[in-house]
Amino acid sequence: MILKLLSGDRPGSVLLSLILLAILVALAGAPFLFDGTRALDTAARICVFIVLVASYDLLLGYTGIVSFAHTIFFGFGAYGVALSALHLGRGFDALIVGAGAGALAAAALAAVIGLFSLRVRAIFFAMITLAVASAVAVLVSQLSALTGGEDGLTYLIPKALTAAARYGEIPTVTLPWPGADPLTLGGQRITGKIVNYYVIFSGALILILFLLRVVNSPFGRVLQAIRENDFRAEAIGYRVVSYRIAVTVLSAVVASLAGALFAIWLRYVGPDTVLSFEIMIDILLMVVIGGMGTIYGAVIGAVVLLLAQNYLKDLMETAAAGLGDIPLAADLLNPDRWLLWLGVLFVLSVYFFPAGIVGRLRRSRT
Amino acid sequence: MTHAAPDVGDVHNTQPRRAGPGHAMALPILVVPALVIAGLLAMAVQAALPDGAGLLRALADPAFWTGLPAALGAIQASWLTLTVSGLAMGMMIFLMASGLTLVFGLMDVINFGHGAFISVGAFVGVSVLAALGAWVAAPGLGANLAAVALAVLAAMAATGAMGLVFERVIVRPVYGAHLKQILVTMGGLIIVEQLIHVLWGPDEIFLTRPEALKGALTWQGAALEKYRLLAVGVGLAVFLLMRLVLRRSRIGLIVRAGVQNGEMVEALGYRLGLVFVAVFVAGSALAGLGGVMWALYEEVITAPMGAELMVLVFIVVIIGGLGSVEGCFIGALLVGLTQNYTAFLEPKLALVSNIALMVVILMWRPEGMLPVARAK
């Protein structure tokens with residue numbers, strides 16, 4: 001049953017299975033296991049980025065296509081939901097229409113970019129997507145009448161998904177042995193915010209299982225063949241260009257759905273939160289450090305990086321304070337420079353662990 | 001042997017051979033004057049259009065056509081200003097892009113970290129200018145140009161040295177693997193950008209041009225900024241020098257032969273690896289030069305400026321045709337001119353216009369205007 005859900009793709013190492021299970025349990029129980037809205041926000045972000053990064057891995061890790069336009073598709077989904085929530089009213093139908101429209105737009109743009117650049121030369125794709133991504137980001141901040149410009153859009157989501165809706169309280173569980181304190185499980189009310197979190201969580205879970213299904217299907221095998229040797233794949237009789245365009249479109253659609261989830265959670269979209277080049281860099285780092293060519297790598301990469309963004313900074317702050325006297329070293333450990341160290345880690349992992357954390361764990365088993 | 005031997009190295013080339021370099025170049029180079037004229041016409045049409053009238057209806061109106069010559073005369077001065085500024089921008093982008101395209105042609109290496117050299121060049125150059133503050137503020141042209149020349153030399157030395165390290169540490173281990181090249185050079189870009197933050201602080205740095213390069217000359221009623229004229233001159237000089245070296249010198253011959261068929265050149269006993277390192281360093285130094293020029297043009301520098309300029313650089317490299325210095329030159333001029341004309345006509349579309357330019361050129365010639373290198 002579980003194996004069928006995972007489409008036969010075993011994690012392949014006991015340690016990896018345990019880590020993945022821990023992540024799943026932590027995310028599934030996030031509203032009750034951790035205290036505070038900040039933790040819940042981080043958990044929701046992790047869910048969204050896992051999907052986003054996994055959809056990017058479909059391109060980069062499975063097919064060997066480098067794209068810098070992934071944030072556009074993410075943004076399409078997010079802006080789709082934002083615009084329809086603004087103009088169609090505060091209902092679930094608006095969210096669905098917005099997500100659908102965003103996905104369609106993303107699919108269309110991905111097909112056009114793919115037709116143009118994948119037909120000629122795969123390396124063009126990387127350069128062209130970089131150019132298109134910056135053009136779209138500029139366009140979105142320029143067309144402020146439609147998109148709200150740099151300020152972005154704030155909108156309302158259905159009341160059932162906001163903190164204003166109450167669904168009762170978590171019961172206090174009394175542990176069955178004497179002298180134990182009553183266990184309160186976070187001791188909070190079940191609000192619409194928590195329901196909203198579960199919408200995000202289950203959406204992300206479904207999309208990840210879908211991606212696992214895709215990569216373990218015959219279609220996914222062809223993609224891997226193209227990654228390994230496109231000339232040979234063509235010679236065997238697969239139309240490489242069609243497969244490349246199809247996978248570009250597919251990953252764009254999944255990315256836009258991740259964007260829609262993100263928009264539902266944040267109730268705000270802006271160029272910096274969904275379209276910026278920094279997010280693209282984050283996605284790249286997550287895929288490569290987690291492990292290219294495995295969906296589980298995307299899961300691990302997203303979790304590690306998002307946690308690092310929160311906790312590495314604290315660690316560096318302590319270290320920088322300790323080195324206060326030495327000028328350059330203190331600057332190097334400045335918490336704002338955390339990207340420097342991730343960049344170094346990124347380059348090292350491309351050289352030495354091209355299969356990332358997941359590849360490392362899988363290999364250590366045998 | 002009476003029949004020609006089959007061309008083994010070129011099995012993927014299914015297109016008919018073009019007549020020769022002279023003929024193949026003639027058409028793309030004509031695009032530049034065509035674009036300049038199109039820019040003039042578009043500006044004149046926009047000026048002659050009555051307020052709020054649709055373009056199609058105006059075209060059918062004879063009053064529009066009688067008013068057009070007058071509009072042409074009225075718009076001429078700003079057109080001249082825009083053309084010079086477009087050429088200046090194009091020349092600076094050419095400086096940044098030329099190294100990248102040669103590196104790709106020679107070794108099939110695509111360097112996404114090229115923008116790092118632009119940023120570092122700008123920061124080093126501006127630091128030198130700041131150190132020579134007295135020379136910069138002095139009203140004499142000699143002292144000003146000496147300060148700029150020193151800044152440029154320092155920047156080029158710094159980025160050249162950085163290119164050497166970058167090639168050794170970042171690029172060399174991943175020869176022959178495009179995917180890893182893109183990822184690793186991107187990583188290099190992140191690291192260098194962050195190091196700039198560490199060394200120069202996180203804020204943008206404002207600067208002023210030397211006294212003698214401030215202000216504008218007036219010619220035919222058009223204000224031509226002195227600095228833009230200097231940029232055009234420098235860009236043209238570098239282009240002609242590069243062409244001279246590539247066409248007339250022995251090393252140029254080896255580089256061009258290496259771009260066309262590297263294995264053959266190596267078989268003849270040349271160490272193409274060394275040539276490649278030299279080209280990589282030269283390309284990095286040129287990016288540094290472009291960075292300093294751009295810094296003086298914009299009068300503000302930031303660490304991500306190189307990465308932002310890479311967007312234009314890539315468009316130039318793509319439409320020029322990978323590996324071609326001439327194509328890169330034409331492409332850069334096209335991009336600079338298009339950007340400036342559209343910024344005047346419809347400011348919101350400035351960056352998108354370059355994408356449109358790229359699409360049009362790729363529909364006309366899918367491999368770029370003057371492709372030399374074929375991706376392996």
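In chain A of this predicted model, buried residues make up 46% of the 366 residues, and the secondary structure comes to 18 helices and four strands. Among the contacts in chain A with a separation of 6 or more, 73% are accounted for by residues 24 or more positions apart. For chain B, 49% of the 376 residues count as buried, the secondary structure comes to 14 helices and four strands, and residues 24 or more positions apart account for 78% of the contacts with a separation of 6 or more.

The two chains meet in a contact that takes 33 residues from chain A and 33 residues from chain B. On the side of chain A that touches chain B, at least two residues each are supplied by α7 (122-142), α14 (277-290), α16 (327-332) and α17 (338-352) of chain A; α7(A) gives the most to this side, with 13 residues. By class, the side of chain A that touches chain B has 25 nonpolar, four polar and four charged residues.

| Helix pair | Angle between axes | Distance between axes |
|---|---|---|
| α6 (residues 92-117) and α12 (residues 240-266) of chain A | roughly 150° | within 8 Å |
| α4 (residues 114-131) and α6 (residues 141-171) of chain B | about 140° | 8 Å |

Because the axes of α6(A) and α12(A) cross at roughly 150°, α6(A) is roughly antiparallel to α12(A). α6(A) passes α12(A) in a right-handed crossing. The residues of α6(A) that meet α12(A) include L95(A), G98(A), A99(A), G102(A) and A103(A), and among their counterparts in α12(A) are R244(A), I245(A), T248(A), V249(A) and A252(A). By class, this contact of α6(A) with α12(A) has 16 nonpolar, six polar and one charged residues.

In chain B, α4(B) likewise passes α6(B) in a right-handed crossing. From α4(B), the residues F117(B), V120(B), G121(B), V124(B), G125(B), V128(B) and L129(B) take part, and they meet a set in α6(B) that includes A147(B), L150(B), A151(B), A158(B), M162(B) and G163(B). The residues of the contact of α4(B) with α6(B) divide into 13 nonpolar, four polar and no charged.

The largest nonpolar core holds 245 residues, of which V48(A), I50(A), V53(A), I200(A), I93(B), V313(B) and V316(B) touch the most other members. Helix α3 (residues 62-107) of chain B gives the most to this core, with 20 residues.

Not counting residues up to four places away in sequence, N111(B) touches L100(B), V103(B), V171(B) and T185(B). The C-alpha atoms of N111(B) and V281(B), which are 170 residues apart along the chain, are separated by 13 Å.

Technical notes
Residues are numbered from 1 along each chain as its sequence is written. Chains are lettered from A and ligands numbered from 1 in the order in which they are written. This is a predicted model: local features need pLDDT of at least 70, side-chain atom pairs count only at pLDDT 80 or more; totals for chains, interfaces and linings use all residues. Axes are lines fitted to C-alpha atoms, for helices over the stretch in contact, and angles run from 0 to 180 degrees between N-to-C directions. A crossing is left-handed if the near helix is turned anticlockwise from the far one by less than a right angle, and right-handed if clockwise. Two residues are in contact if their C-beta atoms, placed from the backbone, lie within 7 Å. Ala, Val, Leu, Ile, Met, Phe, Trp, Tyr, Cys and Pro count as nonpolar, Asp, Glu, Lys and Arg as charged, and the others, Gly among them, as polar. A nonpolar core is a set of buried Ala, Val, Leu, Ile, Met, Phe, Trp, Tyr and Cys residues joined through C-beta atoms within 7 Å. A residue is buried if 20 or more other C-beta atoms lie within 10 Å of its own, exposed if 12 or fewer, and partly exposed in between; C-beta atoms are placed from the backbone. Angles under 35 degrees count as roughly parallel, over 145 as roughly antiparallel, 65 to 115 as roughly perpendicular and the rest as oblique.
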